[in-house]
Amino acid sequence: MSESQVTFLTQDAYDRLAAELEELSVNGRNEIAKRIEAAREEGDLKENGGYHAAKEEQGKIEARIVQLTNLLRSATVGEAPESHGVVEPGTVITATIAGDESVFLIGNREIAAGTDLPVYSEQSPLGLAIMGLKVGDKTEYTAPNGRQIAVEVTKVDTYAGR
């Protein structure tokens, strides 16, 4: 997925991610710096498990900061689109996929964080196949394993959040 792609986020998701970014940028970085410094003071860095664990954690924090910064920079913030029976980012889809009924959100996984609702990116094979389809439309998509999978959109709802 391209980093320059615009992503739809609800205001709640945007606020939650902005708070996480602030927390990681300030407290997360300060805390990990203290842990690295304390581990350095223990001596020999080659065999210092605490130092290496802290450096690995620092890498994860920095990667999440970059991810959040890019996501928030490119986000379009607003209410979930009102469903008009057309698959679009931010809608909850009920579809028959390979004979089984599935309910999922189309969009960024951060929108539905904290819920059990599965999320498919609009850039995923399934997302690309069904974007713009209407209730009753059928299509197929190629799964990553090369299989052709039949899909029928049976319902499109407005995402109501948590």
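Two strands pair if DSSP finds at least two bridges between them. Helices (H or I, at least four residues) and strands (E, at least two residues) are DSSP runs, numbered from the N terminus. The model is predicted: local features need pLDDT of at least 70, and side-chain atom pairs count only at pLDDT 80 or more, while totals for chains, interfaces and linings use all residues. Residues are numbered from 1 along each chain as its sequence is written, and side-chain values use heavy atoms, with hydrogens and water left out.

**View 1. The N-terminal annotated span, residues 8–77.** The range comes from an unreviewed UniProt entry, which lists it as "domain: Transcription elongation factor GreA/GreB N-terminal". UniProt positions follow the numbering used here, feature names are shortened, and annotations may be inferred rather than shown by experiment. The span is 80% helix and 7% strand. Its end C-alpha atoms are 6 Å apart.

**View 2. Helix H1 against helix H2.** H1 covers residues 11–40 and H2 covers residues 49–74. Their axes come within 9 Å and cross at roughly 160 degrees. Axes are lines fitted to C-alpha atoms, for helices over the stretch in contact; angles run from 0 to 180 degrees between N-to-C directions. The crossing angle therefore makes H1 roughly antiparallel to H2, a label for angles over 145 degrees. The crossing of H1 and H2 is left-handed: the near helix is turned anticlockwise from the far one by less than a right angle. The contact of H1 with H2 holds 15 nonpolar, five polar and eight charged residues. Nonpolar means Ala, Val, Leu, Ile, Met, Phe, Trp, Tyr, Cys and Pro; charged means Asp, Glu, Lys and Arg; the others, Gly among them, are polar.

View 3. S3 and S7 run antiparallel, joined by seven bridges. Ile93 faces Val156 of S7.

**View 4. The S3–S4 hairpin.** S3 (residues 91–97) and S4 (residues 100–106) run antiparallel over six bridges. Ala95 has Ser102 of S4 as its bridge partner. Thr96 stands opposite Glu101 in S4. Two residues separate the strands, and Ala98 in the turn has a positive phi of about 50 degrees.

**View 5. The S6–S7 hairpin.** Five bridges pair S6 with S7 (residues 148–158) in the antiparallel sense. Lys138 stands opposite Glu152 in S7. Thr142 stands opposite Gln148, also in S7. Five residues lie between the two strands; Gly146 in the turn has a positive phi of about 95 degrees.

View 6. S4 and S5 run parallel, with two bridges. Ile106 stands opposite Tyr120 in S5. Searching the whole structure gives one aromatic pair. Rings of Phe, Tyr and Trp (its six-membered ring) pair if their centres lie within 6.5 Å. The rings are those of Phe104 and Tyr120, with centres 5.0 Å apart and planes at 80 degrees, so the pair is edge-to-face, the class for planes over 60 degrees apart.

How values were computed
Angles under 35 degrees count as roughly parallel, over 145 as roughly antiparallel, 65 to 115 as roughly perpendicular and the rest as oblique. Rings of Phe, Tyr and Trp (its six-membered ring) pair if their centres lie within 6.5 Å; planes under 30 degrees apart count as stacked, over 60 as edge-to-face and the rest as tilted.
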